[in-house]
Amino acid sequence: MQQHLFNTMRSLKMIDGCKGTQVYALNPTASGGGGAAGGGVGEKFLQHLQDHLRVNSIRSKSHRRYQSFSQTNNVNPSVLAEVLAIYGLPQSDLIEPQIDPSLKFVDFVGILADVHTKLENCPEFERSGVYMEQCAIFRGLPDPKLFRRCLRSARQHAVDVHSKVVLSAWLRFERREDELFGVSAMDCSGWSMECPKTSLVSGYNPESAHDICSCQNGLEKDGAMESDLQGQECSTSISYNDDDEDDDYDMWFCIGDDEVKCNRYKIASLSRPFKSMLYGSFMESKKERIYFAQNGISAKAMRAAEVFSRIKSVDSFDPNVVFELLVLANRFCCDEMKSACDAYLAALVDDMDSAALLVEHGLEETAYLLVAACLQVFLRELPSSMHNPNVTRLFCSSEARERLASVGHASFLLYSFLSQIAMEEDIKSNTTVMLLERMGECATENWQKQLAFHQLGCVMLERKEFKDAQKWFEEAVQAGHVYSLVGVARAINKRGHKYKAYKMINSLISDYNPSGWMYQERSLYSSGKEKMMDLNTATEMDPTLSYPYKYRAVSMMEDDKIGASISEINKIIGFKVSPDCLELRAWFLISLEDYEGALTDVRALLTLDPQYMMFHGKLHGDQLVEILRHHVQQCNQADCWMQLYDRWSSVDDIGSLAVVHHMLANDPGKSLLRFRQSLLLLRLNCHKAAMRSLRMARNHAASEHERLIYEGWILYDTGYREEAIAKAEESISIQRSFEAFFLKAYVLSETTTDHESSFYVIQLLEDALRCPSDGLRKGQALSNLASIYVDVEKLDHAVDCYMNALNIKHTRAHQGLARVYHLKNLRKAAYDEMTKLIDKARYNASAYEKRSEYCDREMAKSDLSMATRLDPLRTYPYRYRAAVLMDDHKEAEAITELTKAIAFKPDLQLLHLRAAFHDSMGDYSATLRDCEAALCLDPKHTDTIELHQKAQKRADEQPK
C-alpha cells in the first residue's frame, strides 16, 4: 500500500512553487490519479476536495475557507492518505528558505562589541538612540527578552516627548495589551515609563522611569481644582468690573462692535511682533484704540488673550476659545501663550474620536504637544488603528511625513515601529510598502538605512516584484548590510539568472568568514552532490537552520525512505519547534497512515499559529484536524486529562500541547488550560505563542484573583518583576490560592539570592502547597521547594520534596534528586537517578547533559556529545569540551570549540569563557572584544566586568 501511495503521489502533476516558512505543498491538475485506486467513496471525496479548492482559491477571504468535512466519516483510512495527496507532496527542488527581515551580520560578535563601546562613550542625551540600535540588532534573535530590555532602556533615556510617546506605545504593544479585555489604550499601567501623561512631559530623567506612576494622585488634584473652578465663570469680563483696576488699562482692541480693554505693556510682553506694533514705529503705537477686525480673531478670544497677559494661564477658558488663542499665538509668535494652549488642548485628547478631531488642527498650527497627544492615541491603539484610513493617511505618503516633520513628529523611530506592525499584519500590503519607504526617508545612520532598505527588499520579494526587490537589497548592501546580498541573489535568480546568483554567493563565501546561512543560500543555486554538501556544511556550521533538514527529509521521501525522512525532520523538532517542520512531519505521518501522530502534530502547530494554512495555503489546519480526528480513537475530557498527565510526566511537550488543544476545542473558555498551554510553549521557547495563551487565559479568567495571577505572569515574562509580585500580592489579598503563592515565590526566587529571602520563598511555596491544585502543578512546586532547600543546605528536606514530587509523577524531579545525591557524595546514585530520567523523558538532551556531571571524563564526553546531537543549542557541552582542551594545553582547539557555538548562538557564558581563554593566552584585544560583546548581552554581568577591567589595564600597560 505504501509503495502504491508513493507512486500515486508522484503521478500528480506539480505546478505551484514552494516557499516561505510553511512547507507549501503543490497543487496538482485535475488529471492527477490521486483517487483512482480508491473506488467510489474515494473518488467522491476526492471530487469534494477538488471542488473545495476551486471555491477557496488563494484569493478567497479566510472566512470562506471553512467548509464542512463531515463526509470524511466514512472514508477508508488507506484512501484518506491518497486523497490528501491531492493537496500535493512537497518537492525538494521547490522548497525555499525565508530571508530573515531583521539585521544579520557576518561578524555578530564584532557588532555587539562595537555597539557596547558606542553606548559607553556616547553622551547621555544620545543613549536612547544607541539603545534603539541594539534593539535592531537583537530583533532577529529567538529570545525576545534582549529586545524588550533594550526597548525599556531606550524609553528610560528618552529626552523628547516624541520619543517617549513612541517608545511607551511600543512597550505596550510588546505585551499586546490591545488583546486584553477591559483594558483601554489610554489606561495607565501603574509605572511612570508607560504612563500616557508622563510621556507628554519633556526632559531627561532616567532615574524616574521605574517609579510608580503618580498620575492617579494627579487626577485627584485635577478633580479638586475643577471643583474649585466650578463657581467661576469662563467669561473674561468679570475681572474688569472692579473700578480700582480701570486705571491699569490704557488701550482698546476694537473688533466689530466690541472693544477689549488691555494693558499695552502686558500685551506687548506676549511677543516681539506685539511689542513692535505697540511700541515701535507703527501707527498703532500712538493710538489708544486699535482696529483688529481683519485678523480673524473674535472679541472673546482677544479678551482671553488679555487675561492670559495677566495670569499666564488658559485653564479657565472654553476649548473653542483656546483654539482661537492658539491661532493668535501662531500669527503673532506668542510662544508662551502657544505652549499654554498646546498643553491645554493636548490634555483633551483621550480617545480615537478626540485624536482624529484634533490632529488636523495640531498639524495646521504646528502644535507639538497636541500632535504628540493625538499620535499617542493612534499608536497605543495599534494594530487596530492601522485599519483606519484616516490614521494610515496621516503616516503613509511623503506629504504626510513632511507634515509630521514640520511639527517635529516624523522620525525613524516612529516609522520603524509602524513598519514592524504592518509587516506582521500583512507583509504584502501597500501600507507596509509605504511605511517602509517613509522609514527609509527618515534613516540617517547606516544601520537605519540597512534595516529600512533590507526590509523593503524582503517585502518586494514577497510581492514578487523582483526588480524592485533587487534594487532595495542592493541599497542595503551599499549601506553596509552584507546579508542583503542573499536577497540580491534571490531576486536575480527569480529573474532567470541562476548562475549569476550562484557566483554572487560563491564570492560572498570567499570574501568573508563563512557562516551556515551562506552555504544554505548557495545550495539553492546548485544541485546533486554539490547541493547536498553545501546543506551538510550549513547544518554543521549552524544546526539551527531548518531548511537543510526539510530539504533532506523531502528528498528522502522522494526516494521512498519515509522512515529516514521522519528521523531527519525529528532532529530539528527535538530542539527547535516550528509550524512548518511540524506540518512536514504530519504530512509524512499521513503517508504512513499514522493519523494519530499526524493529528498530534497538527494540533501542536495550531497552538503555535492558530491561523496556519497547510498544503500551500489551500487547507486551514482546523479542517485537517476535522478530517483526521474521525480516524483516531475518540476521547472525552476525562480521558484527555489522563493523557495530559501521562505526556506531561514523560516530558512530551508536543504531545501535551496536542492534548491541551483537544481539550480547549471542547472547552475554549477554560483559563486553566490556556495557562498550562503557555507553560508548555515557554518550555519549547515559543515565546510569542506563550504570551498569546497567557493573554487568553487572562481574558477568560473566572474571577478577579485568577485574572491578577495571569496579569502577573504577563508582566514577569515581559521584564516587570516588581509589578508581577504586586499582582500576586493583590491576588492573595482577595483569595489565597496555589497559583498566586507560586507566582510570588517564583519571581522572588529569580530576583533574590540571600538566605533570608530564600526562607521567605520556602514559606510561600509551603503556603502554595496547602492550597488546592492538581498533581501536575504540585509536582512543580515540590520540585522548586526542594531546589530552595538545597540552596539553604537543608538536603534531607530537599530529598523528601523530590520524592514526593516523583510519587505524583513529576519526572523532572529525578534531576534535582541527582543533584542532592551528588552533594552528599553519592555520585553513583546521582548517575543512576539521571539514567532514570533519560529512560522516562521523551526529550532528554538536558538529562544527558546533567548526567555528565556525575561520571568520569570519557563517559561525560559521550553524554555531552549525545546532548549536543539532540540539542545543539545547549551551551554547557561546548564549554566543557573547551575547558578540557585548555587543560590539555590545546588552546587553539579550545577557542575553536567555543567559536563554533558562538557562530550560531552568541551566548553570554560562551563569550565570557572565550574572553577568559584569550586573556590567559595574553591576547588582550580579543579579550576586550569578547567582554564587550558579552556586556552588550548583559551589562551587569559582574565576572565579565571584572575581566574587562583587568584586560583593559593589561592592554594599557603593553608597550605601544
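How many residues has helix H11, and what distance does H11 reach from its first C-alpha to its last? Helix H11 covers residues 299-311, so it is a helix of 13 residues by the numbering used here. From its first C-alpha to its last H11 reaches 18 Å, close to the 18 Å expected at 1.5 Å a residue.

## The chain as a whole

This is a predicted model. The chain has 50 helices and four strands. Of its 960 residues, 55% are buried.

Contacts between residues at least 6 apart in sequence can be sorted by their separation along the chain. Among these contacts, 60% join residues at least 24 apart.

The buried residues of H11 include four alanines by name, Ala299, Ala301, Ala304 and Ala305. Met302, Glu306, Val307, Phe308 and Ser309 are buried in H11 as well.

Both strands and helices receive these buried residues. The strands are E1 (251-255) and E2 (258-262), and the helices are H9 (264-268), H12 (319-331) and H13 (335-347). Just after H11 comes Lys312, with a positive phi of about 55°.

Helix H37 spans residues 721-734 and has 14 residues. The distance from its first C-alpha to its last is 20 Å, close to the 20 Å expected at 1.5 Å a residue.

Which residues of H37 are buried? They are Glu723, Ala724, Ile725, Ala728, Ser731 and Ile732. The packing partners of the buried residues of H37 are helix H36 (704-717) and helix H38 (738-751).

## The pair H33 and H34

Helix H33 is made of residues 653-666 and helix H34 of residues 671-683. Their axes come within 10 Å and cross at roughly 155°. An angle over 145 degrees counts as roughly antiparallel, and H33 and H34 are therefore roughly antiparallel to each other. Their crossing is left-handed.

On the H33 side, the contact is made by Asp653, Ser656, Leu657, Val660, Met663 and Leu664. On the H34 side, Leu673, Arg674, Gln677, Leu680, Leu681 and Arg683 take part. By class, the residues of this contact are seven nonpolar, two polar and three charged.

## The pair H48 and H50

Helix H48 (residues 908-920) packs with helix H50 (residues 942-957) at an angle of about 30°, and their axes are 11 Å apart. Angles under 35 degrees count as roughly parallel, so H48 and H50 are roughly parallel to each other. The crossing of H48 and H50 is left-handed.

Which residues of H48 and H50 meet? Leu908, His912, Ala915, Ala916 and Asp919 belong to H48, and they meet Asp943, Thr944, Leu947, Ala951 and Arg954 of H50. The contact of H48 with H50 has five nonpolar, two polar and three charged residues.

## Backbone details in loops

Leu382 and Pro383 are joined by a cis peptide bond, with omega about 5°. Pro383 sits in the loop between helix H15 (368-380) and helix H16 (389-395).

Arg176 is not a glycine, yet its phi is positive, near 50°. Its place is the loop between helix H7 (161-174) and helix H8 (215-229). Is Arg176 buried or exposed? Arg176 has a relative accessible area of 15% and is buried. Glu793 also has a positive phi, about 65°, although it is not a glycine. Glu793 lies in the loop between helix H40 (775-791) and helix H41 (795-807). With a relative accessible area of 66%, Glu793 is exposed.

## Ser128 in helix H5

Ser128 belongs to helix H5, which covers residues 127-138. Buried means under 20% relative accessible area, so Ser128 counts as buried at 10% relative accessibility.

Which residues does Ser128 touch, not counting those up to four places away in sequence? They are Ala154, His157, Ala158 and Leu167. Ser128 and Ala158 are 30 residues apart along the chain, and their C-alpha atoms are separated by 5.4 Å.

Note on methods:
Residues numbered from 1 in each chain as written. Predicted model: local features only at pLDDT ≥ 70, side-chain atom pairs only at ≥ 80, totals over all residues. Heavy atoms only, no water. Axes fitted to C-alpha atoms, helices over the stretch in contact; angles between N-to-C directions. Helix = DSSP H or I, 4+ residues; strand = E, 2+ residues; numbered from the N terminus. Parallel < 35°, antiparallel > 145°, perpendicular 65-115°, else oblique. Left-handed = near helix turned anticlockwise from the far one by under 90°. Contact = heavy atoms within 4.5 Å. Nonpolar A, V, L, I, M, F, W, Y, C, P; charged D, E, K, R; others polar. Expected span 1.5 Å × (residues − 1). Buried < 20%, exposed > 50% of the residue type's maximum accessible area, 1.4 Å probe, protein only.
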